[in-house]
Amino acid sequence: MPPEQEQAAAFIENWNARAVGSGPCPVRGVLDKVSDKWSLLLVMTLGNGPRRFNQLRREVPDISQKMLTQTLRELQRDGLVARQVFDTKPPSVEYRLTPLGQSIIVPFGHLIEWASRNQPRIDAARTRFDADAPGKPA
């Protein structure tokens, strides 16, 4: 077995020993928050340095103002993003990663690399699945 598969098997065994049968998963709430697409995109964008709200809207395609506001608040609540208000007319607000937020960049980067590397295989699997899907019109 290749070393990365051995490492994955050990991780899964350890995870199952802790998580299965021990009540609610203690990290599920955190994983749910940081694994959605907007959180991942915002963290990676803020990884390049502090941004103002409208900068984030321009740099993160397709995000609505409401979703940007909601996601930034959730990331603040989780301690991944800090918000700083400047005393200007009108007031300006800047968002930046906290040290905790910076610590998630490398794991997110690995996930993004994996997704990029495997996108063609995933697309091919989806195409095969869709072609063989039951109830598909002939």
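Colleague: Let's start with Asp62. Is Asp62 buried or exposed?

Modeller: Asp62 counts as exposed, because its relative accessibility is 74% and the cut-off for exposed is over 50%. Keep in mind that this is a predicted model.

Colleague: Where does Asp62 lie, and what is its phi?

Modeller: The general idea comes first: most residues other than glycine have a negative phi. Here, Asp62 has a positive phi of about 70°, although it is not a glycine. Asp62 lies in the loop between α4 (53-59) and α5.

Colleague: Thanks! And how should I read the peptide bond from Lys89 to Pro90, cis or trans?

Modeller: As a rule, most peptide bonds are trans. The bond from Lys89 to Pro90 is cis, with omega near -15°. Pro90 has its place in the loop between β2 and β3.

Colleague: That brings us to the strands. In what order do they form the sheet?

Modeller: In general, strands of a sheet pair through backbone hydrogen bonds, and the pairing may be parallel or antiparallel. In this model, three strands make an open sheet in the order β1-β3-β2, with antiparallel pairing. β1 (51-52) and β2 (81-86) stand at the edges with a single partner strand each, so one side of each has no neighbour in the sheet.

Colleague: How many bridges join β2 to β3?

Modeller: Six bridges join β2 to β3 (residues 92-97), and the two run antiparallel. Phe86 has Ser92 in β3 as its bridge partner. β2 and β3 form a hairpin, with five residues between them.

Colleague: Which helix packs on the sheet?

Modeller: Helix α5 (residues 65-77) does, touching β2 and β3. The direction of α5 makes about 110° with that of β2.

Colleague: Now a helix pair. At what angle do α3 and α7 pack?

Modeller: Helix α3 (residues 37-46) and helix α7 (residues 105-132) pack at about 120°, and their axes are 10 Å apart. That angle makes α3 oblique to α7. The crossing of α3 and α7 is left-handed.

Colleague: Which residues of α3 and α7 meet there?

Modeller: From α3, Ser39, Leu40, Val43 and Met44 meet Ile105, Phe108, Gly109, Leu111 and Ile112 in α7. Sorted by class, the contact of α3 with α7 has seven nonpolar residues, two polar ones and no charged ones.

Note on methods
Residues are numbered from 1 along each chain as its sequence is written. This is a predicted model: local features need pLDDT of at least 70, side-chain atom pairs count only at pLDDT 80 or more; totals for chains, interfaces and linings use all residues. Side-chain values use heavy atoms; hydrogens and water are left out. Two strands pair if DSSP finds at least two bridges between them. Helices (H or I, at least four residues) and strands (E, at least two) are DSSP runs, numbered from the N terminus. Contact means heavy atoms within 4.5 Å. Axes are lines fitted to C-alpha atoms, for helices over the stretch in contact, and angles run from 0 to 180 degrees between N-to-C directions. Angles under 35 degrees count as roughly parallel, over 145 as roughly antiparallel, 65 to 115 as roughly perpendicular and the rest as oblique. A crossing is left-handed if the near helix is turned anticlockwise from the far one by less than a right angle, and right-handed if clockwise. Ala, Val, Leu, Ile, Met, Phe, Trp, Tyr, Cys and Pro count as nonpolar, Asp, Glu, Lys and Arg as charged, and the others, Gly among them, as polar. Buried means under 20% relative accessible area, exposed over 50%, partly exposed in between (1.4 Å probe, protein chains only).
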